[in-house]
Amino acid sequence: MKLWRKPLDSDKIKIIRGEIHIIKDRCKGCSFCVEYCPKEVLEMSEEFNAKGYHPPYVKKPDDCVECHLCEMLCPEFSIFVTVKKEDEKPVTVASGEEQT
Amino acid sequence: MAEQKTTTGVVKPEIPEADVIHPMENLLRMDRMPHIWCSSCGIGIAVTAFTAALEKAKMDPNMVSIVSGIGCTGRVAGYVKLDSFHTTHGRPIAFGTGIRVANPNIKVVVFSGDGDLIAIGGNHFIHAARRNIDMLVVCVNNFIYAMTGGQVAPTTPLAAYATTSPYGCVEPPFNIPYLAESSGAVYVARWTALHVRRLTNSLAEALQKKGFSVVEVISPCAMYYSRINRLGDGLDMMRFYHDNVEIRHGEDTKNLDIGFQTKIICGKFVDRERPTYMERYSQWLTEVKGAKK
Amino acid sequence: MKTDPKGVLTGSHELSGNHACAEGAFAAGCRFLGCYPIVPALEISQRFLERAPAVGATFIQMEDEVSVLAAVLGASWTGKRSMTVTSGPGLSLMMEHLGLGVMLETPCVIVDVQMVGPGLGIPTRPSQGDMMQSRWGSHGDYEIVALAPSSPQEMFDFMIKAFNFSERYRIPVAVMSDEYVAHLVERVVIPPADAIELVPRRYYKGRKDNYLPFKRDKDFVPPMVDIGKGYRFHVTGLTHDNRGYPIMFEECQEYNVHPLVRKIRHFADEIVEVQESNLDDAEVILVSYGATSRAARKAMEEARKSGIKVGSLKLVTVWPFPEKRVAELAKRVKAFVVPEMNFGQIVLEVERCSYGAANVFFIPHGEKGVEYTEDIQAVIKRAVQEKNIKDGVIECVSKGV
């Protein structure tokens, strides 16, 4: 995301990060979660599950913002999101310098 | 993991791979997963939205009873962990009416498909709406009889193909919100499976609403409707909804007809107050009892 | 369990069969009625609705008979004793949910005031044409309990019996009245509430998360729970396992459907009830049920006066059929005479259970047969004179047809 300027309170705001859990054997490979993830965190994998479908995998685990859209759109109840634990390294808004 | 072939014992619930449990674990029968719906079917999304709505509306799950009929959507009752009934084809509204009238503390949710509720159960649908029985009807509309193999449903758009309309459907379809409103429903909304968050909000609102509420959920049917009509897979249907859905709250329900691959109007169309059957009944009862004294 | 005194109209009353039916239902603790107007059964629902506020019962008039029985099944799962009343064409529509009621093992009572059929028939005339339908009408295998009252007093008593059977065995029970009994006004003695014994519903008492809706007790009957008590159970009309989940294997018939049949067949001796008179020395036995048993009784008394040894076997429970008793009697009598207000239904059962040991005469008895008994007399005489045992049912002509 390109920002016009670095927000003044950017060091105070913590963006909640999510952790995605995929119950692979329940997946039927519809790829709704991959298509509609706003941060493009997920991607279909090459591996097969027990049913012979390709389940998704988490391509960019650090980008998940815990919006739960994949969880809501999953018709198989096979993907869900939890809040990433606090003790992990807090991720802040990408600064302007990094973008350029 | 397939359901074990057993007729006597309890099958041990499938343990998810993750060490944390699914947030809907307490409202779904996880020992029955995976469910029978095809890949990219929208019914699972409607169930997710419904369970989320139950929590959002802060309903006591012990006091909610879910009744389903026959068909793909008819299997919903079997996957939701409430007092759930899987009844005969088209009769879940009648069954639910009995529950609600006999015990007015129970919130009845009828979760069924378009063929079940509008074709064989059409009479029960309009009469429950007329009486204003306090129940939520979730009608998952996939435009076709899917479980039996893709026959024409009362919601199949004109000219759409089905196994029993090999030259295109010649019957004009029902406009479910219009039917519901004119029969007396107090809350009518329509969403597609893509609009999960709006659908969840709408279901939560309808759950708290007193009276006969109808929420129509347009759902992709990749296996029959899309395949027979060559509309691609479930994802293509979702993309179609994304491009062709127009949200117009409060739209006159007359204008909500759905044609074959035409624009779909979604939103909350009706939200009004009418005395429910039980309100009228108890009022009548106090009058009679008062008169006798 | 004693009944709730609120519904019992203790005393001696002049009641029609239909009114006695409503009173019997209240006395049996029935608190929910689903109804749809149909001619010979009208007065039952009218009386029920009039008295409902005082008794604390609820009712609903649904849009058709299909939904009526669906609503009754739903109401029964909330813990209320529920019933419906109907007549021939309505019973035909109810067959769908009779099957569902059997499969969900839901207690309820269906009162069928029989009228002349088939099709639209004659709604204001009596018949006994629904006897086989009540037993075989729904698809698939099932067993049912059906009672046939012959007077308003029996109508009252049998309602209590019917509710007791339905709760004891968790099945829909049919009370096969007819237009004649429905509109016959007679003295009905309603006992005090503490003299009416009810079978309580069998409830599951255990941990909530351990409840299995179809885990059968030793007597094949699973205990029940009510909606809204936190058990969060699932039941399905599909063939299911003991969790109530659908199963689609070959063994499911054995596992699920067989107990539905077995729970009645195994206890048939407890359920079956007949009223016998003059059987000890009888040469000919009149087998009858419902309204025709009134004519049969009169015919028996007249034949006895003229010296013919006639006995009477009146069926209280038509289903399950008293197979053993009929087979026993067949060995020692010459013939059975079966008057019915139809063209041969229960007579087929009598013929089957006599195993060729006795002649079976059948009188297709019109509606007027209830009043005059000459043709029964004539057939009794013929039955006594008949030397050889003939194959099948011997059909006689009745003037009453």
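**View 1. Burial of Thr84(C) in the predicted model.** Thr84(C) is buried, its relative accessible area being 0% (buried: under 20% relative accessible area; exposed: over 50%; partly exposed: in between; 1.4 Å probe, protein chains only). The residue belongs to strand E4 of chain C, residues 81-87 (strands, E, at least two residues, and helices, H or I, at least four, are DSSP runs numbered from the N terminus). This is a predicted model in which local features need pLDDT of at least 70 and side-chain atom pairs count only at pLDDT 80 or more, whereas totals for chains, interfaces and linings use all residues. Residues are numbered from 1 along each chain as its sequence is written, chains are lettered from A and ligands numbered from 1 in the order in which they are written, and side-chain values use heavy atoms, with hydrogens and water left out.

**View 2. Surroundings of Thr84(C).** Not counting residues up to four places away in sequence, Thr84(C) touches Leu33(C), Gly34(C), Val68(C), Leu69(C), Val72(C), Met94(C), Val109(C), Ile110(C) and Val111(C) (contact: heavy atoms within 4.5 Å). The side chain of Thr84(C) reaches the backbone oxygen of Gly34(C) at 2.9 Å. A C-alpha separation of 9.5 Å lies between Thr84(C) and Ile44(C), which are 40 residues apart along the chain.

**View 3. Domain 1 and domain 2 of chain C.** The domain assignment of chain C gives domain 1 as 5-195 and domain 2 as 275-395, with bounds from an automatic or database domain assignment. Taken over C-alpha atoms, the domain centres are 28 Å apart. Between them, the two domains bury about 1,900 Å², of which 57% is on carbon and sulfur atoms (buried area: accessible area, 1.4 Å probe, that two parts lose on being put together, summed over both). In domain 1 of chain C, Gln128(C), Met132(C) and Tyr180(C) lose the most area to domain 2 of chain C, together 32% of what that side buries. In contact are 26 residues of domain 1 of chain C and 23 residues of domain 2 of chain C.

**View 4. Salt bridges and contributing elements between the domains of chain C.** Two salt bridges are counted between domain 1 and domain 2 of chain C (salt bridge: a side-chain nitrogen of Lys or Arg within 4 Å of a carboxyl oxygen of Asp or Glu). The side chains of Glu186(C) and Arg294(C) form a salt bridge at 2.5 Å, N to O. On the side of domain 1 of chain C that touches domain 2 of chain C, H5(C) gives the most, with four residues.

Key. A polar contact is a pair of N or O atoms within 3.5 Å; within protein, one must be able to donate a hydrogen and the other to accept it, and residues adjacent in sequence count only if both atoms are side-chain atoms.
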